[in-house]
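Let me put the chain up and then talk you through it.

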Amino acid sequence: MSDEVKKRLKEFKTDLNILTPIQIVRKHIIFGECCELSRQDYFDLRSEVAKYFGLHPNEVLVVGSAKLGFSIAPDKQYDLFSDKSDIDIALVSSTLFDEYWNQVFSYKRINPYWNERDFINYLFQGWIRPDKFPRSKMFPSGKDWWIFFQSITSSGKYGKYKIRGGLYQSYFFLENYQKICIQECINKIGGIQ
């Protein structure tokens with residue numbers, strides 16, 4: 001473990017005892033530098049994704065273990081970012097969210113047998129997971145999404161890691177989704193609720 005990751009992990013664990021979950025999300029996930037990408041690479045990655053989707057770079061964030069240097073997911077809590085890790089990107093845009101939601105709605109109207117249960121579960125939480133899109137030639141937006149992220153992964157510009165993206169309706173939903181993992185970390189140490 002690098003000194004930088006040790007420092008980040010120590011500060012994170014200290015904050016679990018003194019900050020609220022939303023403060024922790026904002027301090028460690030929303031704001032600040034990305035642990036596993038240089039400042040230039042983080043800027044370039046956000047800019048590249050933003051340009052493709054027609055977003056402002058502030059609407060594109062790296063989250064997860066690439067951002068922190070370690071995972072906070074309950075099943076991988078405090079596992080370090082490694083060669084097997086992904087770079088997870090959160091896109092935050094109500095406009096783009098509505099565009100994809102409208103496309104999925106239109107698809108469902110002409111394909112009533114699509115089992116959208118998993119898609120709806122995430123939609124209800126305010127985000128769209130592209131791996132839950134309809135798997136059909138009649139839904140080209142899903143394929144386009146995967147082709148784009150596969151192209152930046154295979155470019156190698158940001159390392160040998162898979163790069164994946166999820167789309168959030170707003171920061172409200174991104175922060176509340178992240179708070180679930182933060183709360184799990186707090187519960188394990190008996191910190192503030």
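This is a predicted model: local features need pLDDT of at least 70, side-chain atom pairs count only at pLDDT 80 or more; totals for chains, interfaces and linings use all residues.

Residues are numbered from 1 along each chain as its sequence is written, and side-chain values use heavy atoms, with hydrogens and water left out.

So, the fold. We've got eight helices and four strands, taken as DSSP runs (H or I, at least four residues, for helices; E, at least two, for strands) and numbered from the N terminus. Going along the sequence, the pattern reads α-α-α-β-α-β-α-α-β-α-β-α.

How does the radius of gyration look? For 193 residues a compact globule would come out near 16 Å, and the chain has 17 Å, which agrees. That's over C-alpha atoms, and the globule rule is 2.2 Å times the number of residues to the power 0.38. The C-alpha trace spans about 50 × 35 × 30 Å along its principal axes.

Buried residues, meaning under 20% relative accessible area with a 1.4 Å probe and protein chains only, make up 43% of the 193.

Last, cysteines. With a disulfide defined as a pair of cysteine sulfur atoms within 2.5 Å, the count is zero. Cys181 is in none, and the nearest cysteine sulfur, from Cys185, sits 7.1 Å away. Cys181 is buried at 16% relative accessible area, and Cys185 is buried too, at 0%.

Terms used. Buried means under 20% relative accessible area, exposed over 50%, partly exposed in between (1.4 Å probe, protein chains only).
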